[in-house]
Amino acid sequence: MIPSRAETNAKAAALRAMFEAAGAVVVEPPVLQPAETLLDLYGEDIRARAYVTSDALRGEQMLRPDFTVPVVQMHMIHGAEPARYTYAGEVFRRQEHDPGRANEYVQVGYEVFDRADPAAADADVFAQIAEALGGLPVTPVTGDIGVLMAAVQGLQTSDARKAALMRHIWRPRRFRALLDRFSGRVDMPEGRRALLAGDVICDAPMIGRRSATEIDERVAALRADAVTPPISARELGLIETLLDIRAPMPAALSMLHDLEVDLPTISAAVAQVDARRKALVALGVKVEDLNFEASFGRTTMEYYDGFVFGFRAGGRPELPTIATGGRYDALTRRLGGGAEIPAVGGVMRPGLMLMLEGAA
Amino acid sequence: MNVKLGVPSKGRLMEKTFDWFAARGVRLSRTGSDREYAGAVEGIDNVSLVLLSAGEIPRELAAGRLHLGVTGTDLIHEKLALWEQLVDPVAPLKFGAADLVIAVPRAWVDVDTLDDLDAAAAAFRRTHGMRLRIATKYHRLVREFLRQNGVADYALVDSQGATEGTVMNGTAEAIADITSSGETLRANHLKVLSDGLILRSQATLWRSRVAATEDGGNDVLTRLLAQLGQA
């Protein structure tokens, strides 16, 4: 059964009222967002996922693909701390591969900006959303991008290589390719040796904005990289072991603690996972059944850099995730113009929730 | 009913298409004055010729207003999402061959692969505070290709013609465009990335999967395709 627009809106209003009753302030960001902000954040890929329109006065605008960015911007400009926000409304997602996917749907969200206790804020968002989904046939999964980031930072290799890996944390294929290259698993491209030896003479004129200095700097960086020892097979194995972790939270935590022995830089991030576990228990969440997947959240458009979670419809793999969320401290840093605040939030899809209710 | 065949309305593409059909006993021609886009078909009944821009043929096939159409693979892939569900390739016509490639200034001795392009884009953004610009008219194909290959920190800027000149003119740092011999690229001091081939294209005869074929249309199509040796 496909719920009507009125039914979906009523459900959305009820969910928003629930968050409001829990202390969140209702916000209503505009549908049209300046395209430049989103393009700067997500790059050109966002054009494949959001609708772009324009006028001669304001230039390119996007139909909001989510609420997180405008809510963060609004908070960074005139929000008091700590703050909790809730919202309900339509988001627009361009679809070019699957005509069965909705390109316009209602989201209800809950966002928490709080410096005091990140683990408690994580648990609060997760538990509130879990409660709102109460009774529906959904399976939660959690993860933590922060652990992978800490593992990368702990690799025995150059800062340049770490920066390259960090830049592609959210692009698993490129991340993998970089790891293969940095660990010496792939050969140097043809012609590269001659370039590094200084044997390449180029008579082509300099055109475009990328200057000769920039080219020289990159050649120097390539030379430095060529004499950097490969990332060891042992370290590569540790990253792989980490990415393969997929277990109920207590078992996953004990695997993380094991890894900590060999990858001490992940200690703080693992401690955060453990603190979150305790905060979840305090809110009555059954962590014994709660899945933890170390690679969860790496392919979404969102800018999560810590805790991540999703609720999938059990037995309905064709449905999109019913609710998703996570921590996005880095996003507040990028939008804050110098300021930053730890932030965590999540969104639900009332339309899908009604479908599941109808089927249940 | 008449089966509608769409053919590019001018230039070499039109002439070569006419030749290809003529070699198979179907004579296509423009009628009336040079400026009038009307056409005639001889050698088979109930087929009408529609002359229009090669760039509009994908849309007309997808809408079912044409049964058959001649246009490049590049335009079909660029303009139609899920093109496999909308059109079938009937025959490659062995002309109009061109590759959609990514090209950068030849002076970029440090950039040979997409991996290099990605690293250069990251550094460029740090230095200039803007994303590295790639000029193209093939937005969808290029974006999809770069996404699959994990290239970030670039911006696509629209260029509907003379794209090879954009780098020299300072409106882009790199380009993605169609090339056949590579001569224009070389003349504009550009080189193709070794793994920068996005698509091999050539003029192709396409059949719409959605055009209505009742009232004998199917029979006409069957006869026409048989005559073209594509039954």
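This is a predicted model: local features need pLDDT of at least 70, side-chain atom pairs count only at pLDDT 80 or more; totals for chains, interfaces and linings use all residues.
## Domains of chain A

Chain A is split into two domains. Domain 1 takes in 1-116 + 341-360, and domain 2 covers 161-231. Their centres, taken over C-alpha atoms, are 39 Å apart.

## Domains of chain B

Chain B also divides into domain 1 and domain 2. Domain 1 is made of 3-97 + 202-227. Domain 2 spans 98-201. Over C-alpha atoms, the centres of these chain B domains are separated by 32 Å.

The contact between them involves eight residues of domain 1 and nine residues of domain 2 of chain B. On the domain 1 side, helix H3 (residues 73-79) of chain B contributes the most, with four residues. That side of domain 1 of chain B holds one nonpolar, five polar and two charged residues.

## The sheet in chain A

Chain A contains an open sheet of nine strands. The strand order is E1-E5-E6-E12-E11-E10-E7-E9-E8, and the pairing is mixed. Strands E1 (25-26) and E8 (246-248) of chain A sit at the edges. Each has a single partner strand, so one side of each has no neighbour in the sheet.

Strand E5 (residues 83-92) of chain A pairs with strand E6 (residues 104-113) of chain A. The sense is antiparallel, over 10 bridges. Within this pairing, A:Thr86 has A:Tyr110 in E6(A) as its bridge partner.

Helix H1 (residues 5-21) of chain A lies across E1, E5, E6 and strand E12 (343-348) of chain A. Helix H1 of chain A runs at about 170° to E5(A).

## Nonpolar cores

The largest nonpolar core has 82 residues. Within this core, A:Val147, A:Ala151 and A:Met348 touch the most other members. Helix H4 (residues 118-132) of chain A gives the most to this core, with eight residues. Both domain 1 and domain 2 of chain A supply at least three residues each to this core.

What does A:Met348 touch, not counting residues up to four places away in sequence? The contacts are A:Leu15, A:Val108, A:Ile129, A:Ala132, A:Leu133, A:Ile322, A:Ala323 and A:Met353.

Another core, of 36 residues, lies apart from the largest one. Among its residues are A:Ile207, B:Trp108, B:Ala135 and B:Ile175.

Technical notes:
Residues are numbered from 1 along each chain as its sequence is written. Chains are lettered from A and ligands numbered from 1 in the order in which they are written. Domain bounds come from an automatic or database domain assignment. Two residues are in contact if their C-beta atoms, placed from the backbone, lie within 7 Å. Helices (H or I, at least four residues) and strands (E, at least two) are DSSP runs, numbered from the N terminus. Ala, Val, Leu, Ile, Met, Phe, Trp, Tyr, Cys and Pro count as nonpolar, Asp, Glu, Lys and Arg as charged, and the others, Gly among them, as polar. Two strands pair if DSSP finds at least two bridges between them. Axes are lines fitted to C-alpha atoms, for helices over the stretch in contact, and angles run from 0 to 180 degrees between N-to-C directions. A nonpolar core is a set of buried Ala, Val, Leu, Ile, Met, Phe, Trp, Tyr and Cys residues joined through C-beta atoms within 7 Å. A residue is buried if 20 or more other C-beta atoms lie within 10 Å of its own, exposed if 12 or fewer, and partly exposed in between; C-beta atoms are placed from the backbone.
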